[in-house]
Amino acid sequence: MKKISYLLTLCMTLLFMGSCSKDDPIVEIETDKQIIAKVTLSNDEEITLMGDKDLTVGYQRIYIQLTKDGRVQSSSNISFSPIMDMGTMTHGAPSSALTYSNQTNSFEGYVVFTMPSGESGSWEMKFKVNGEEISIPIEVKAAPTGNVPVKTFTASNDKRYVMALVEPALPKIGLNDLEVMIFQRETMFSFPEQNGLTLDFDPQMTSMNHGSPNNISPVGAGNGRYKGKVNFTMTGDWRLFFDIKEGTTELGKDVFLDVLF
């Protein structure tokens, strides 16, 4: 009798597991993300491009969710590249590979937009999903007035670099986390992250001719990221000055990013 009961329990367990595997994983689109665009692929998969907010000039986190029949496709082979078409020429922007996150049920990465959409040109995201290529037109807005979150500069070695502000994303009075990323523009479509640099940092409120105490210059954290602290003693227009060196070679002096809050 015990054997029959055991076999019945085992069968019911296997039946339940089998029925569950047919239904999982059905996941709702992330409701706390801004949906930028949604496109259907030839195999009826739907690709949804999302952000934390509208796309603007500067560093942006992006989220790409692939679904089919309401089920998230987490094992897909997907890559992307941002392209700016200026009519007489095209160029890319610093961006990352995509990695899947179980927390957001999406492929995550970043892009650093160096200019807004408009009269100068238009942006698109080019995706390659399991061998299929698709382009999605996007709008990139200008940074809020008074803010310069990305800077392209020519170094003393004649190479071009891009610096982008990552943090603070929501600046406040007092001590803030400071994070910047630095890339080399090898070509119009290649922007490798730069490690091993030394940054000296000085925030100034130039309109009032003063700085602030207790700042910490950013140090390398890997993957082109440099982390430190910035102290804003009051609201207003702050200019973040950086002297950037590679060993003893000065790449840039008084390279600045602007924060207005």
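This is a predicted model: local features need pLDDT of at least 70, side-chain atom pairs count only at pLDDT 80 or more; totals for chains, interfaces and linings use all residues.
Q: Why is Asn231 called buried?
A: Asn231 has a relative accessibility of 10%. Buried means under 20%, so Asn231 counts as buried. Asn231 is found in strand S16, residues 225-232.

Q: Which residues is Asn231 in contact with, leaving aside its neighbours within four places in sequence?
A: They are Gly174, Leu175, Ser212, Pro213, Asn214, Asn215 and Trp238. Contact here means heavy atoms within 4.5 Å.

Q: Why does Asn214 count as exposed?
A: The relative accessible area of Asn214 is 61%. Exposed means over 50%, so Asn214 is exposed. Asn214 lies in the loop between strand S14 (198-204) and strand S15 (216-222).

Q: What is the phi of Asn214?
A: Phi of Asn214 is near 65°. That is a positive value in a residue other than glycine.

Q: Is Asp69 buried or exposed, and why?
A: Asp69 has a relative accessible area of 65%. The cut-off for exposed is over 50%, so Asp69 is exposed. Asp69 lies in the loop between S3 and strand S4 (71-72). Asp69 has a positive phi of about 55°, although it is not a glycine.

Q: Why is Lys68 called partly exposed?
A: Lys68 has a relative accessible area of 29%. Buried is under 20% and exposed is over 50%, with partly exposed in between. The value for Lys68 falls in between, so Lys68 is partly exposed. The place of Lys68 is in strand S3.

Q: Which residues does Lys68 touch, not counting those up to four places away in sequence?
A: Lys68 touches Asn43, Asp44, Glu45 and Gln73. A polar atom of the Lys68 side chain lies 3.1 Å from the backbone oxygen of Asn43. The C-alpha atoms of Lys68 and Glu46 are separated by 6.2 Å, and these residues are 22 apart along the chain.

Q: What makes a group of residues a nonpolar core, and how many residues has the largest one?
A: The members are buried nonpolar residues joined through side-chain atoms within 4.5 Å. The largest nonpolar core has 37 residues. Those with the most contacts inside this core include Ile47, Ile64 and Phe127. The largest share of this core, 5 residues, comes from S8.

Q: Which residues is Ile64 in contact with, leaving aside its neighbours within four places in sequence?
A: Among them are Ile47, Leu49, Ile78, Leu98 and Phe127.

Q: Where is the peptide bond from Glu167 to Pro168 placed, and what is its omega?
A: Omega is near 5°, and the bond is cis. Pro168 lies in the loop between S12 and S13.

Q: How many helices and strands has the protein?
A: The protein has 1 helix and 18 strands. Of its 261 residues, 41% count as buried.

Technical notes. Residues are numbered from 1 along each chain as its sequence is written. Side-chain values use heavy atoms; hydrogens and water are left out. Helices (H or I, at least four residues) and strands (E, at least two) are DSSP runs, numbered from the N terminus. Buried means under 20% relative accessible area, exposed over 50%, partly exposed in between (1.4 Å probe, protein chains only). A polar contact is a pair of N or O atoms within 3.5 Å; within protein, one must be able to donate a hydrogen and the other to accept it, and residues adjacent in sequence count only if both atoms are side-chain atoms.
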